[in-house]
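Q: I have a model open and would like to learn how to read its features. Could you walk me through them, starting with the charged side chains?

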Amino acid sequence: MGWRNMLNKVAIAISLIICLPHAAVTFAQERVRIGWAAMTASHTPLWVAQEKGLLAKQGLLVESIFFGAGPPAMQALVAGDLDIVVTSAPNVVNPRLGGVDAVMILSIIPTFIDHIISAANITSPEQLKGKIGSVNRFGSISEMGLRLSLRRLGIDPDKDVRIVPAGGNPERLAAISKGISQFTIMNEPFIKEAERLGFRDLVNMATLKIPLHGNGIVTREAIIKAKRPMVAKFARAITEAIHYIKADKEATKAIIGKYTKFTDPEGLERTYRNYTSVLLDVPYADPAGMKTLLDDMAPKNPKAAAADPKTFVDQSFVQEMEASGFIKQLSRR
């Protein structure tokens, strides 16, 4: 009996040793509130990090909150209701110019990935001159993207064309169908729908290589100061998600379909290619992606003209991941 009692005690001790790390992980999980701003595949790294347990792997217990647009998500961040927001560069620049300590720590979409879609009879960018282009609304990133792209194509957006607001992708397609406008910009999976309707995929804006963060990880300097380890863990999870996306296409497409409710196989394939083509293995938030926006605002905004683009990004988190070998390790998988 003595040996049996001793064996039972050893078994119990081993069980405790095995269970303790799991209990510690559960106990150590840090709560974080995340806001994201649009139901587009530009949020795929966040979705993958959630679906594949990469956030939990970093010890984060995440509450993910969807917002219909970037500005209300940023307002929640400023109010202290969120720790991190996944959003575009304008939602960093505008608040910061107003005195908010917003900063982008990681870039997800470092350039425009929309396409210029036109009526079928327009066969070259030069033929856009004298035509009407539609955007979501004035002041939106769709307007900025169209204007910057037109300039890269040698077209003055203020003199050579007229730009009008028309609403979301379906409304802009309808505007071309009705002749209200002759061109617009949109992304997948709507490009496929535009082609089905007989419109022309005129220009892939990604080929213009305009630096501007179409999506990224944003927080506040005060949050970094108070919760730096938490922010670093989130950055690691998203970076690992980016590498996962590139390594496992089919699983990623399934996740995109789950969140976007899009089921067409060809559309999912095109969406995957469109977004992953610009994902960075080392996702630095480049100041150049902020300078593009500041330069565009400068003629009408003295604060933008005087601003230093470097102050709108914090590259230290990606630098730490590089220095530690974390990113190199991901690349070897």
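Q: How many salt bridges does a search of the whole structure find?
A: This is a predicted model, and the search gives 20 salt bridges in total. To count, a side-chain nitrogen of Lys or Arg has to lie within 4 Å of a carboxyl oxygen of Asp or Glu. One of them joins Glu-51 and Lys-258, with N to O at 3.0 Å.

Q: Where do Lys-246 and Asp-281 lie?
A: Lys-246 sits in helix H9 (residues 221–247), while Asp-281 is in the loop between helix H11 (265–276) and helix H12 (288–297). Their salt bridge has its closest N and O atoms 2.9 Å apart, and it links distant parts of the chain, 35 residues apart. Lys-246 is partly exposed at 36%, and Asp-281 is partly exposed at 35%.

Q: How many residues apart are Glu-266 and Arg-270 in helix H11?
A: They are 4 residues apart, about one turn of the helix. Their side chains meet in a salt bridge of 3.8 Å, N to O. Glu-266 is partly exposed at 46%, whereas Arg-270 is buried at 14%.

Q: Which residues are linked in a network of salt bridges?
A: Lys-249, Glu-250, Lys-253, Glu-269 and Arg-273 are linked in this way.

Q: Now the sheet: what is the order of its strands?
A: In general, strands of a sheet pair through backbone hydrogen bonds, either parallel or antiparallel. In this model, an open sheet of 5 strands runs S7-S6-S8-S5-S9, and its pairing is mixed. Strands S7 (162–165) and S9 (200–204) stand at the edges with a single partner strand each, so one side of each has no neighbour in the sheet. From one strand to the next, the twist averages 30°.

Q: In which sense do S5 and S9 pair, parallel or antiparallel?
A: Strand S5 (residues 115–118) pairs with S9 in the antiparallel sense over 4 bridges. Ile-116 stands opposite Val-203 in S9.

Q: Which helix packs on the sheet?
A: Helix H7 (residues 169–177) does, touching S5, strand S6 (132–135) and strand S8 (183–186). The direction of H7 makes about 160° with that of S8.

Note on methods:
Residues are numbered from 1 along each chain as its sequence is written. This is a predicted model: local features need pLDDT of at least 70, side-chain atom pairs count only at pLDDT 80 or more; totals for chains, interfaces and linings use all residues. Side-chain values use heavy atoms; hydrogens and water are left out. Two strands pair if DSSP finds at least two bridges between them. Helices (H or I, at least four residues) and strands (E, at least two) are DSSP runs, numbered from the N terminus. Axes are lines fitted to C-alpha atoms, for helices over the stretch in contact, and angles run from 0 to 180 degrees between N-to-C directions. Contact means heavy atoms within 4.5 Å. Buried means under 20% relative accessible area, exposed over 50%, partly exposed in between (1.4 Å probe, protein chains only).
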